[in-house]
Amino acid sequence: MAWCPKCKAQYVDGITICADCKVELVDSPSIQYVEKKEEPEPEVFKENIEEEEQHLTAKSKKKSSSSAYMSSAQRVEDNRSSAYTLLIVGGLGMIAVILMVTGVIPFMAHSSTRYLTYSVMGGLFLIFIIMGIVSWRNAKKYASRAAFEDELTAEMRKWCLANLTKEKITQMLPAEERTQPEELIYFSRMQVIRACISAQYMNLDFAFLERFVEDIYAEIFES
């Protein structure tokens with residue numbers, strides 16, 4: 001016979017689990033049931049997990065914020081590169097179409113749909129040329145902005161290095177935030193720097209400000 005160590009119910013042979021208590025049966029009713037308790041997770045292990053999560057979160061935030069902004073100088077280079085490519089491809093394509101229409105290049109010379117094909121190809125290469133012109137104009141527009149951004153960045157950098165030091169930034173932090181792990185105090189310092197710059201230079205583009213704050217933080221704390 002089998003017995004439940006918890007409720008002492010008797011069962012016939014072949015049954016191994018008590019239907020009421022859901023515990024494993026024993027061979028004798030004198031065996032006492034001891035409830036298994038889950039051991040608490042060590043506090044050190046919990047702290048390590050929390051620190052690792054904070055580190056990964058901080059790392060991902062740094063990465064996403066640093067890749068969000070593209071300077072006007074970068075936009076100039078991108079637009080110029082696109083303009084060169086589109087104008088060259090479009091120009092060479094139009095020359096090839098003209099040569100095919102005039103018979104210099106005997107492409108589909110005897111086909112009934114050759115003029116339709118030439119029209120489609122000519123229209124496609126014309127679009128390339130138009131897009132190239134637009135990209136070139138955009139490059140010129142961003143070139144003037146790039147000069148302004150470079151001048152503003154130099155002025156802001158000079159002001160920050162003269163007015164924001166490690167000690168001053170730390171003093172501006174709330175007392176409870178000064179002892180935070182490095183991954184968290186990074187954001188507190190960034191917030192202080194961002195607030196000081198925003199008070200000195202108003203109406204800055206948010207993405208431009210974020211990139212500048214990251215750069216000046218590295219110059220102040222990591223140099």
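Which helix gives the most to the nonpolar patch? The answer is helix α2, residues 72-101, which contributes 4 residues. The model is a predicted one. The protein holds 6 helices and 2 strands, and along the sequence these follow the pattern β-β-α-α-α-α-α-α. Of its 223 residues, 25% count as buried. The protein exposes about 15,500 Å², and carbon and sulfur atoms supply 58% of that area. Among contacts with a separation of 6 or more, 58% are made by residues 24 or more positions apart.

Now return to helix α2. The nonpolar patch on the surface is formed by Tyr84, Ile88, Leu92, Ile95 and Trp136, which together have about 540 Å² of accessible area. Of these residues, Ile95 lies in helix α2. At 1.5 Å a residue, its 30 residues should span 44 Å, and the C-alpha atoms at its ends are 42 Å apart, so the two values agree.

Helix α2 also has a buried set of residues: Ser72, Val76, Asn79, Ala83, Leu86, Gly90, Gly93, Val97 and Met100. An α-helix has 3.6 residues a turn, so residues three or four places apart point the same way. The cover over the buried residues of α2 includes α3, residues 114-163. Just after α2, Gly103 takes a positive phi of about 85°.

A positive phi also occurs elsewhere in the chain. Asn203 has a positive phi of about 60°, although Asn203 is not a glycine. Asn203 is placed in the loop between α5 (182-200) and α6 (206-221). Is Asn203 buried or exposed? Its relative accessibility is 82%, so Asn203 counts as exposed.

The buried residues of α5 are Ile185, Tyr186, Ser188, Arg189, Met190, Val192, Ile193, Cys196 and Ile197.

How many salt bridges does a search of the whole structure find? It finds 2. In one, the side chains of Glu219 and Arg157 meet, with a distance of 2.5 Å from N to O. This pair links distant parts of the chain, since Glu219 is in helix α6 and Arg157 is in helix α3, 62 residues apart. Glu219 has a relative accessible area of 28% and is therefore partly exposed. Arg157 is partly exposed as well, with a relative accessible area of 39%.

In the other salt bridge, Arg194 pairs with Glu210, and their closest N and O atoms are 2.6 Å apart. Here Arg194 in helix α5 is linked to Glu210 in helix α6, 16 residues apart. Arg194 counts as partly exposed, because its relative accessibility is 22%. Glu210 is buried, because its relative accessible area is 10%. The cut-off for buried is under 20% relative accessible area.

The cysteines come next. The structure holds 0 disulfides. Cys4 is in no disulfide, and the nearest cysteine sulfur, that of Cys7, is 3.5 Å away. Cys196 is in no disulfide either; its nearest cysteine sulfur belongs to Cys160 and is 8.4 Å away. Cys196 is also buried, with a relative accessible area of 18%.

The last stop is a loop. Glu24 is found between β2 (10-11) and α1 (43-66). With a relative accessible area of 60%, Glu24 is exposed. Which residues does Glu24 touch, not counting those up to four places away in sequence? They are Pro5, Thr16 and Ile17. Glu24 and Pro5 are 19 residues apart along the chain, and their C-alpha atoms are separated by 8.1 Å.

Note on methods: Residues are numbered from 1 along each chain as its sequence is written. This is a predicted model: local features need pLDDT of at least 70, side-chain atom pairs count only at pLDDT 80 or more; totals for chains, interfaces and linings use all residues. Side-chain values use heavy atoms; hydrogens and water are left out. Patches are made of residues with over 30% relative accessible area and no salt bridge: like charges are joined within 9 Å, nonpolar side chains (Val, Leu, Ile, Met, Phe, Trp, Tyr) within 5 Å. Accessible areas come from the Shrake-Rupley method with a 1.4 Å probe; for residues, only the protein chains shown count as cover. A salt bridge is a side-chain nitrogen of Lys or Arg within 4 Å of a carboxyl oxygen of Asp or Glu. The expected span of a helix is 1.5 Å times one less than its number of residues. Buried means under 20% relative accessible area, exposed over 50%, partly exposed in between (1.4 Å probe, protein chains only). Contact means heavy atoms within 4.5 Å. A disulfide is a pair of cysteine sulfur atoms within 2.5 Å.
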